[in-house]
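Subject: Structure handover

Hi,

Here is the structure I promised to pass on. Please open it alongside these notes.

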Amino acid sequence: MKELDPLLHSQLRLAVMSILMNVDEADFVYLKEKTDSTAGNLSVQIDKLSTAGYISVAKEFVGKKPRTVCSVTDHGRKAFEEYVNTLREYLNI
């Protein structure tokens, strides 16, 4: 049986990917609120997903405030779908 992707098997990274799979993009504040995580932990996990090519991260300024926006990449979408399919195999669904 195929192994679950260890990058997606982390609770917070899986939560971030699950959210991003259902929206065009989400900003850092939204992800922080939805995942109930700390800013530091979320930042580290976003960096890991971005480094793996699973999400794209754009930083911009809105007025004088910085805004970080994340969206899932095609590579990330495929990895997530494979993760879910592998999980279904494990669960025999």
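Start with the helix on the sheet. Helix α3 lies across β2 and β3. Its direction is at about 125° to β2. Bear in mind that this is a predicted model.

Now the sheet itself. It is open, has three strands, and is ordered β1-β3-β2. The pairing is antiparallel. β1 (26–27) and β2 (55–62) are the edge strands, each pairing on one side only. β1 is joined to β3 (residues 65–72) by two bridges, and the two strands run antiparallel. For Ala26, the bridge partner in β3 is Cys70. As background, strands of a sheet pair through backbone hydrogen bonds, either parallel or antiparallel.

Overall layout next. The protein has four helices and three strands. Along the sequence the pattern reads α-β-α-α-β-β-α. The C-alpha trace spans about 50 × 25 × 20 Å along its principal axes. Of the 93 residues, 34% are buried. Take the contacts with a separation of 6 or more: 54% of them come from residues 24 or more positions apart.

Two helix pairs deserve a look. Two packed helices are described by the angle between their axes and the distance between the axes.

First pair: α2 and α3. Helix α2 covers residues 28–35 and helix α3 covers residues 39–51. Their axes come within 10 Å and cross at roughly 110°. Angles of 65 to 115 degrees count as roughly perpendicular, so α2 is roughly perpendicular to α3. The crossing of α2 past α3 is right-handed. On the α2 side, the contact residues are Phe28, Leu31, Lys32 and Thr35. On the α3 side, they are Ala39, Leu42, Ser43 and Ile46. By type, the residues of this contact of α2 with α3 are five nonpolar, two polar and one charged.

Helix α1 (residues 11–20) packs against helix α4 (residues 74–91) at an angle of about 115°. The axes are 11 Å apart. α1 and α4 are therefore roughly perpendicular to each other. Here α1 passes α4 in a left-handed crossing. α1 contributes Leu14, Met17 and Ser18 to the contact. α4 contributes Gly76, Phe80 and Tyr83. The contact of α1 with α4 divides into four nonpolar residues, two polar and no charged.

Two single residues to check.

Ile19 lies in helix α1. Is Ile19 buried or exposed? Its relative accessible area is 17%. Buried means under 20%, so Ile19 is buried. Leaving aside residues up to four places away in sequence, Ile19 touches Tyr30, Leu31, Lys34 and Thr35. The C-alpha atoms of Ile19 and Asn41 are separated by 17 Å, with the two residues 22 apart along the chain.

Asp36 sits in the loop between α2 and α3. What is its phi? The value is near 55°, which is positive in a residue other than glycine. Asp36 has 71% relative accessibility. Exposed means over 50%, so Asp36 counts as exposed.

Over to you.

Best wishes

Note on methods: Residues are numbered from 1 along each chain as its sequence is written. This is a predicted model: local features need pLDDT of at least 70, side-chain atom pairs count only at pLDDT 80 or more; totals for chains, interfaces and linings use all residues. Side-chain values use heavy atoms; hydrogens and water are left out. Axes are lines fitted to C-alpha atoms, for helices over the stretch in contact, and angles run from 0 to 180 degrees between N-to-C directions. Angles under 35 degrees count as roughly parallel, over 145 as roughly antiparallel, 65 to 115 as roughly perpendicular and the rest as oblique. A crossing is left-handed if the near helix is turned anticlockwise from the far one by less than a right angle, and right-handed if clockwise. Contact means heavy atoms within 4.5 Å. Ala, Val, Leu, Ile, Met, Phe, Trp, Tyr, Cys and Pro count as nonpolar, Asp, Glu, Lys and Arg as charged, and the others, Gly among them, as polar. Two strands pair if DSSP finds at least two bridges between them. Buried means under 20% relative accessible area, exposed over 50%, partly exposed in between (1.4 Å probe, protein chains only).
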